[in-house]
Amino acid sequence: MSRAARAFAAGFALTTAVTVEAQPIRPVAGVPTPAAHTGLDIGADRVLADWPQITAYFDALAKARPQQMKLDTLGLSTQGKPFVVAAISSPRNIARLESIRAAQARLADPRGLSAADEARLVAEQPVVVFVSCNLHSNEIGASQMAMELAYRLTTVDTLQQRLENVVIMLVPSMNPDGQQMITDWYRRNVGTPFEGGTLPWLYHVYTGHDNNRDWFMVTQQETKLVTDVLYRRWFPQVFYDVHQQGNRGMRMTVPPHVDPINPNVDPLLVRGINLIGMQMQYALEAEGKTGVGDGVTYDLWWHGGARSTPTRHNMVGLLTEAASANIATPVTQRVEELTGHPRGLPTYERKVNFPNPWQGGTWRLRDIMDYERIAAEALLELASTQRESFVRNHVQVGRKQLALGASEAPYAYVIPAGQRDPSAVQRLVEVLRLGGVEVSRATAPFRANGREYAAGAYVVDLAQPFRAHAKDLLEVQRFPSIRAYAGGPVEPPYDVAGWTLPMQLGVIAEPVTDAPLRAVSAAPIAALHDRAASCPASTVRGPVALDLRDTRAYAVLARALGAGGRARRASAPVTTREGQTLPAGTVVLDRLPSARALGDEPLCAHQVHAVSRMPAGETVRAPRIALYKPWTANMDEGWTRWVFEQHGVPFTTLTDSMARAGNLARRFDVIVVPDMPLVQMQNGLSSREAPAPYAGGLGEQGLAALADFTRAGGTLVLLDHASEFAVERLGAPVRLIAGGNRTGEANPGGDQPAVARARTTPYAPGSILRTLVNTRHVLGTSASDTTAVYFTNSLTFEVPQDAPVEVVARYPEQADDILMSGYLDGAETIARRAAMVRVSAGDGHAVLFGFRPQHRAQAYGTFRLLFNALYFGGVQ
């Protein structure tokens, strides 16, 4: 953001006459304060309210101030805790809350909105602001601040006056389970060497910190609850996500953010983000809060975070990041210990985006809460003063999306019928519908792009309000080349660079670029799930061949084996009763699992084909699977666990102590190790970081036990960086090429600019790459010969000529053919090299993935490679 733009934004904020109450809590007769109700000195050092105390307080406040606040339980969290949201506004607005909500839906979809209705709603509708607290549970301050904010919003006259023009939807914790976990762990360790330390397990049972990576895929219960509120029920104009960051730099980072801006984010929303950020800075400065800055670290490129997905739904999506304490334990820092950031603040010193650095001292939970509360109330002030502008601009952006969809290619996307993985197609449609995207299904053939599409194709017409969301998920990403100076190095991405969903799912979705779709006979998909149309029930009996090209067929296999069924992998082609010839390697079940064994897993007609008899071939048995769970809060373990559970894969959690006990081959056939480096496997958390039994990792004894398990005939499945184990401990004859050298630059020193050098390793923090799969290999069963994999500075395997290594997947010969979506520097370092291999070790095998095949439950198209490793990893 230029100096002129900053001056303009700051000047605009100045005209709104910011006033912030200096005293957070002033008693009001008959209204419980957070401290009085909980019996805790909220915000004090080493004091935390837990989730039952927070929800009890919100309930008491709603009962004491029913004209100002309505408390709603959206549902239950993953572990069964109430997930609450408080609607806070003026008495007049609370009394007409349902009509306000209905009007929001009309404003969000202006197709049925007349000019007169729009003018009337713009004149009377309050701004709806959604405030998201404590999404990351160890960023605990916002869950405590929310109680004080709610109290003030319902009792302070000046704030109530502002709420005549605003409805606040306040969620005190976006992860109630994690809020309780963090609080319990902190309380348990206060006064010990582990006070304020790391929780050894995930603070969301499946995703941990990655719960802020689930906002377009919408896999988790909490994400589903909030997504429903945002895109089906309330359609807020502003979404504010309150976070914490590390504590060695700014005390609070606010918008404006850094480049790049995703082209699907409307410029008016970017202006709104910047404007609110400047308002927050102005208010914080007026309150004497130092160390506030902008234009550092965070950008507007990636899609999938809590504040970024709303920007694709015509909402102003905000993020602030306050410096952290050690949970509720204060930290003391000298100014010389503080640092800048390579993205926006190279050194910790006064800059135009950081005019008043914090000079060190003691940083407390109370500081975090005060900064966050002041920022939230500054947002309220601006939204109230500029109510009409926010409401009108919200409608304007929606109308613009409609117009762009009708006038600018691509005009639509078509998901053709008859694809190789129908369940992946269904998952894509489901994700789009969860995000509020309109999808229809063709009831007759139609023409587009100069070709004919069959009935049954799904159509996403982009002339719809949430065009940006649909387009950003369906199109290919190309991270822009940003250089600090002409001829200088390209600034690499901060985070995920590519996420094209059809590629991740292995689905074809074709953009319509020749003209808008006309006269297409199609039926809207009203439900979130189109299972009846996509999964007609099977009625076959007797032996059946499974079509594992459908990823959900692996769930049928798991349930059949779990129910005692027999299965064989045919050694020769199989002919079905309908006369269809299926290739050698097809899995045949002796019978279909019963309805009881299937549970809620549908059995689709396209997944099974009747055959006359069981073929000759190797027996497929139900493997005894273990999933290693380190005490390092490993997110990849959590995602793997979630994918296993969703696909009916039975498994046992393997902990450090279980592994160190040895004799693993007696208990398990397959052990899966999630993405983690070997040093983390071995050492885990140190004894200074965590108490026994959570410290120490596998140790030498546990690593030896894994090696013994493999050599005794087991199958060891190693995801991404865990593949280091096979090289270092099993002697796998491959050389590892590790991604992650961010710049690929050499600096000769002094004031000379960096000079480019030839890369020796790739850099792609989150991109989709093309691999060539050996579909004749047992581990390539049912895969496409060209398969997209998700690469997160992952490993690649250089296989020496004539080495006893089975290559299952490799990158293309030409470097330019590797990147499919996102950003990849150093493609030549992985060209022709292997992405997935199998090696022998004694009587067993190790399967090495140079990527995460289940990455964040988004990489649906490579789930089958993981399932093949489970069921066929030891098959020759």
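Trainee: Where is Q279 found?

Mentor: Happy to start there; this is a predicted model, in which local features need pLDDT of at least 70, side-chain atom pairs count only at pLDDT 80 or more, and totals for chains, interfaces and linings use all residues. Residues are numbered from 1 along each chain as its sequence is written, and side-chain values use heavy atoms, with hydrogens and water left out. Helices are DSSP runs of H or I with at least four residues, strands are E runs of at least two, and both are numbered from the N terminus. On that basis, Q279 is found in helix 11 (residues 267–286).

Trainee: Is Q279 buried or exposed?

Mentor: Buried means under 20% relative accessible area, exposed over 50%, and partly exposed in between, using a 1.4 Å probe and protein chains only. The relative accessible area of Q279 is 0%, so Q279 is buried.

Trainee: How many Å apart in space are Q279 and L382?

Mentor: In sequence, Q279 and L382 are 103 residues apart. From C-alpha to C-alpha, the distance in space between Q279 and L382 is 7.2 Å.

Trainee: Which residues is D472 in contact with, leaving aside its neighbours within four places in sequence?

Mentor: D472 lies in helix 15 (residues 467–474) and counts as buried because its relative accessibility is 0%. Contact means heavy atoms within 4.5 Å. With those sequence neighbours left aside, the contacts of D472 are N262, N264, H303, R312, Q477 and W499.

Trainee: How many residues of helix 7 are buried?

Mentor: Helix 7 (residues 141–155) has 15 residues. It is largely enclosed by the rest of the structure, because the buried count is 15 of the 15.

Trainee: Are helix 7 and helix 12 roughly parallel or oblique to each other?

Mentor: Helix 7 and helix 12 (residues 365–385) pack at about 50°, with their axes 9 Å apart. Axes are lines fitted to C-alpha atoms, for helices over the stretch in contact, and angles run from 0 to 180 degrees between N-to-C directions. Angles under 35 degrees count as roughly parallel, over 145 as roughly antiparallel, 65 to 115 as roughly perpendicular and the rest as oblique. Helix 7 and helix 12 are therefore oblique.

How values were computed
The expected span of a helix is 1.5 Å times one less than its number of residues.
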